[in-house]
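Please open the model in a viewer and keep the selection panel at hand.

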Amino acid sequence: MDELIFFINRVLISGTVLGSIYALGAIGVTLIFGILRFAHFAHGDMMTMGAFITFVLAGLVSMLGISVGIPTAILVMPLAMVVTALIALGIDKGFYAPLRKQGVKPVTLLVASIGVTLIIQGLIRLIFGAGTRSLYGNEPKVIFRIDTAWMGGSRPITITEPQVFMIAFTIILVLALHFFLTRSRLGKAMRAMADNADLAQISGINTAVVVRITWLIAGALACVAGTMLALDVALMPDLAFNIVLPIFAAAIVGGLGQVYGAIAGGFLIAFAETMSVFNWSTMLRPFKDIMPSWLAIPDNLALVPTEYKLTVAFVILVITLLARPTGIFKGAST
Amino acid sequence: MSTASESRWFDLDNPVKRGVILFAGIFILIFVVGLIQGGANAGLLLSQALAYALIALGLNIQWGYGGLFNFAIMGLMMVGGTAVMLVSVPVNQSFWAGEGPMMLGRAFLAFLVGLLLVLAARRVDRIGIKGGWRVAVIALAWFAGYVIYRSQIDPAAAYIETNNGFVGGLGLNPVLGWLLGGVVAAVIAYIIGRICLGLRTDYLAIATIGISEILRALVKNMDWLTRGTQTVSPIPWPVPLPQDYQADGVPIVESFIYARFGFFALLLVIFAAIFWLVQRAYGGPWGRMMRAIRDNHIAAGSMGKNVTGRQLELFVLGSILIGMGGAILVTFNQIFDPSSYQPINHTFVVWVMVIVGGAGNNWGALLGAMLIYIVWIISDPLAQVIFVNISNWSQSMGWGAIPEIDSRALQMRVFILGVIITIALRYAPKGLLPEVMRRES
Amino acid sequence: MALIELKSLVGGYGGVPILNGVNIAIEQSDIGVIVGPNGAGKSTTLKAIFGLLKVTSGAVVFDGADITNAQPDKLVPRGLSFVPQEKNVFTSMSVEENLEMGAFTRADDYMPTLKWVYDMFPPLLEKRHQKAGELSGGQRQMVAMGRALMSKPRLLMLDEPSAGLSPRYVIEIFEQIVKINKSGVGILMVEQNARQALAFASKGFVLAGGQNRFTGTGAELIADPEVAKSFLGG
């Protein structure tokens with residue numbers, strides 16, 4: 001029973017949290033790809049930027065002495081989402097839209113987004129320095145410990161308060177997005193444009209407005225994903241740069257342009273990562289007594305050593321590209 | 001449009017004149033840097049910039065000629081560096097004397113066994129196992145191969161690391177290592193190419209980044225092969241080192257200048273030879289065919305040209321240069337540190353060099369490499385100067401000094417690079433020295 | 001005053017122009033049909049009207065207003081609608097969602113129009129929640145036309161509506177087009193099935209080489225031996 005609890009803590013909970021982060025990031029990437037047809041490499045740094053904006057706002061709010069029951073970072077997150085969304089819109093206007101007008105190839109936009117990544121990273125490092133910070137300020141990290149004695153366990157299921165909030169937030173955001181895309185006129189227009197941009201224009205859909213909405217949504221989601229990551233780990237300038245690639249992997253695996261695919265891909269990769277570094281031999285321990293003596297259980301049955309955790313995402317990506325390039329939900333290929 | 005009278009000699013539209021002016025600018029820049037920072041630093045700058053130019057040339061072959069999105073540059077450079085390290089580092093006698101070689105041999109056999117298993121599994125459709133079952137068999141073969149390999153390599157690695165440190169090298173001439181670096185990179189590129197080249201362009205980029213990261217994780221953690229985070233140094237030079245000159249009585253500063261310029265001279269000869277070869281190929285029928293494929297690979301394919309085969313050729317050829325460049329850099333810096341390979345410093349910087357310099361134009365790749373590298377290097381000290389001055393000013397105003405100037409100035413490089421990419425793409429989307437469109441009459 | 005007039009239209013996709021001075025005029029009561037050999041510029045004419053390529057000389061006048069080179073999404077509120085030949089439905093969206101997209105520019109209640117389209121094309125009502133990409137060719141064409149009608153256009157433009165359809169569907173589509181016209185929508189269509197289309201055309205335009213060659217009512221053109229010989233296959 002303890003082993004099951006260990007599994008729940010290590011795999012189920014952290015997999016869900018990581019999956020939420022990947023999913024929110026991947027949704028942004030896949031939306032931008034579906035509507036604008038380019039790989040927005042700067043998405044990771046947009047997440048980092050969102051986290052830093054939350055940091056600044058949280059600092060301001062706590063300076064004003066406002067303190068509610070929930071962590072300040074989460075309190076200011078809605079405002080941070082709005083700010084990040086607007087900045088995302090500005091970035092498009094300043095950096096990508098002019099190039100699109102010139103009719104450049106998608107790879108040029110990719111390189112331009114690399115330029116944006118570097119600028120954002122450089123600015124963050126210049127302003128905040130390269131060190132690590134905590135988004136909690138002086139607040140303690142509340143940890144919920146669910147007692148499992150009634151299940152026969154001797155250790156509690158641990159989940160931190162931020163993690164609870166993150167998962168709740170993700171569910172709310174995903175539901176909201178779902179309703180937006182399936183019930184509202186603008187949401188359907190977004191889907192139409194992702195499906196067939198020319199036909200959308202012919203039908204009278206104002207493509208410029210759809211593009212703007214796309215950036216606003218992508219920016220807001222990136223802010224939440226980045227803040228969540230910072231709450232779970234720590235706040236530093238290259239926070240999200242390392243997970244740009246797993247996020248892209250999630251988007252591609254799910255099918256580019258497919259929002260539900262991005263969510264599925266995000267969770268798939270997150271759980272694959274957590275499960276492949278999990279030491280499965282702990283699960284076999286209860287069975288030690290009934291197994292024959294010559295079948296010794298090795299100490300460490302992790303599929304992959306922990307250093308290679310990020311590699312798992314890439315392996316999944318490469319497999320997907322070989323076996324089913326359009327992804328689980330059959331997204332765009334051209 | 002320039003008015004005839006004013007811009008006769010300053011004509012930026014004429015490609016040749018433009019090239020001459022831009023290169024002159026670069027040389028002046030190098031000269032100035034040399035004056036300010038000293039000849040030794042200029043030697044360093046030139047050698048490293050030229051190594052990067054070789055790498056940029058390689059990418060130009062892949063992207064400029066072939067339209068291929070190679071984002072695995074970092075991985076290929078690292079592989080080249082590993083090769084030269086293994087070739088030129090002195091022999092580790094304790095390794096050869098012990099059990100290490102035997103165990104590695106067994107691990108290699110295990111690897112072959114695993115490979116054969118997978119290849120055999122792919123052929124099971126010959127004996128009637130098809131569809132989902134075949135996929136299951138292949139997956140099983142991969143899994144079995146992986147387990148077999150791990151069962152041999154894990155003890156081998158542990159043994160070597162505890163007893164010998166790492167496998168050591170062959171103690172041969174570094175230039176040989178450079179060539180081997182190119183070869184190994186070519187092999188890796190072949191494998192990558194076979195997997196990825198059928199993919200859509202953006203996908204190729206992401207896939208190559210992914211593979212590059214996998215390579216980096218592997219090399220960084222194979223302590224028995226590369227010493228991982230402990231690094232390998234010093235790595236020998238093909239020309240006399242500063243220490244060698246000092247032993248002959250040359251003063252310290254001059255010794256660095258002689259040594260580095262000696263290295264640069266060797267590098268220049270190699271680079272010039274390769275450059276000439278590439279230019280010749282570009283101008284000839286092979287080059288024309290490549291460009292035809294790049295510009296319209298659907299049409300070329302329907303004309304019977306083996307598009308993927310040609311793309312693979314380009315990918316492998318370009319990777320040879322990238323591997324060599326990576327090897328040369330490791331030799332020059334005399335240290336092999338897997339952790340030092342970062343996507344920004346290696347893959348992206350080279351892309352910027354090619355796009356800013358001018359994709360499809362070899363002179364553009366050279367120019368881009370030198371310009372971007374110089375900017376990359378001087379933006380740190382330049383930013384330091386600026387920051388120190390601002391800090392002094394703010395101190396005198398009573399606001400206090402700027403903290404952590406050193407690390408902040410270093411980060412300036414990243415910011416400046418981003419700004420340069422943006423400006424370059426905006427005003428010269430085809431590069432400073434764009435591809436010269438030949439009139440094929 | 002004509003509903004739509006093309007005056008000496010010259011244009012193309014950049015480079016050599018495909019249209020070399022095309023003249024067309026249609027009333028709201030007309031069914032106008034453009035026929036001609038391949039490469040004559042028929043589809044290009046429709047695309048030029050809808051701002052999908054560059055017009056370098058000449059003018060497109062709709063209801064008295066110059067709409068040359070206007071943005072496509074600005075034309076729909078004015079009362080124009082276009083059904084392209086290919087990729088004319090949103091394959092990942094349901095039939096009903098496709099029709100809703102057609103009504104995107106309308107601010108009023110579009111339910112009556114939706115009912116009208118379903119009455120005209122009963123199979124669509126049956127399959128309203130199915131993804132458009134799963135339908136047969138003929139049904140897809142219905143969705144495409146329905147989508148274009150949802151904006152209550154004054155002029156409906158169709159690019160080869162019968163392309164790739166079985167003969168049964170061709171007849172049905174043409175019948176629907178006549179019905180739509182009778183309900184007060186002007187029709188301008190390009191057709192490869194020249195004879196069949198001209199049979200009910202009130203205005204026929206034969207184009208070749210990007211220019212007008214013959215103009216008249218559909219019946220006149222069919223009866224003209226020269227036209228029949230050169231363009232209608234004898």
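Begin in chain A by selecting the contact of helix H2 with helix H8: His43(A), Met46(A), Met47(A), Thr48(A), Gly50(A), Ala51(A), Ile53(A) and Thr54(A) in H2(A) meet Gly219(A), Ala222(A), Cys223(A), Ala225(A), Gly226(A), Thr227(A), Leu229(A) and Ala230(A) in H8(A). Contact here requires C-beta atoms, placed from the backbone, to lie within 7 Å. Helices (H or I, at least four residues) and strands (E, at least two) are DSSP runs, numbered from the N terminus. The residues of this contact comprise 9 nonpolar, 7 polar and no charged. In this classification Ala, Val, Leu, Ile, Met, Phe, Trp, Tyr, Cys and Pro are nonpolar, Asp, Glu, Lys and Arg are charged, and the others, Gly among them, are polar.

The model is predicted: local features need pLDDT of at least 70, side-chain atom pairs count only at pLDDT 80 or more, and totals for chains, interfaces and linings use all residues. Residues are numbered from 1 along each chain as its sequence is written, while chains are lettered from A and ligands numbered from 1 in the order in which they are written.

**The helix pair in chain A**

Two packed helices are described by the angle between their axes and the distance between the axes. Display H2(A) with H8(A) (residues 207–232): the two pack at an angle of about 70°, with their axes 7 Å apart. Axes are lines fitted to C-alpha atoms, for helices over the stretch in contact, and angles run from 0 to 180 degrees between N-to-C directions. H2(A) and H8(A) are therefore roughly perpendicular, a term covering 65 to 115 degrees. Just after H2(A), Gly65(A) has a positive phi of about 85°.

**Chain A as a whole**

Along the sequence the pattern reads α-α-α-α-β-β-α-α-α-α-α-α-α-α. Of the 334 residues in chain A, 49% are buried, meaning that 20 or more other C-beta atoms, placed from the backbone, lie within 10 Å of the residue's own.

**Chains A and B**

Which chains share the most contacts? Of the 2 pairs of chains in contact, it is A and B. There, 39 residues of chain A are in contact with 35 residues of chain B. On the chain A side, H4(A) (106–128) gives the most, with 16 residues. The chain A side divides into 28 nonpolar, 9 polar and 2 charged residues.

**Chains A and C**

Move to chain C, where 21 residues are in contact with 15 residues of chain A. Helix H2 (72–75) and helix H3 (95–102) of chain C each supply at least two residues of this side, and H3(C) provides the largest share, 4 residues. The chain C side holds 10 nonpolar, 6 polar and 5 charged residues.

Finally, select H3(C): 7 of its 8 residues are buried, so this helix is largely enclosed by the rest of the structure. Among the buried residues are Val95(C), Glu97(C) and Met101(C). Their cover includes H6(A) (185–195), together with H4 (111–120), H5 (122–126) and H6 (137–149) of chain C.

Note on methods: Buried ≥ 20, exposed ≤ 12 C-beta atoms within 10 Å, placed from the backbone. Parallel < 35°, antiparallel > 145°, perpendicular 65-115°, else oblique.
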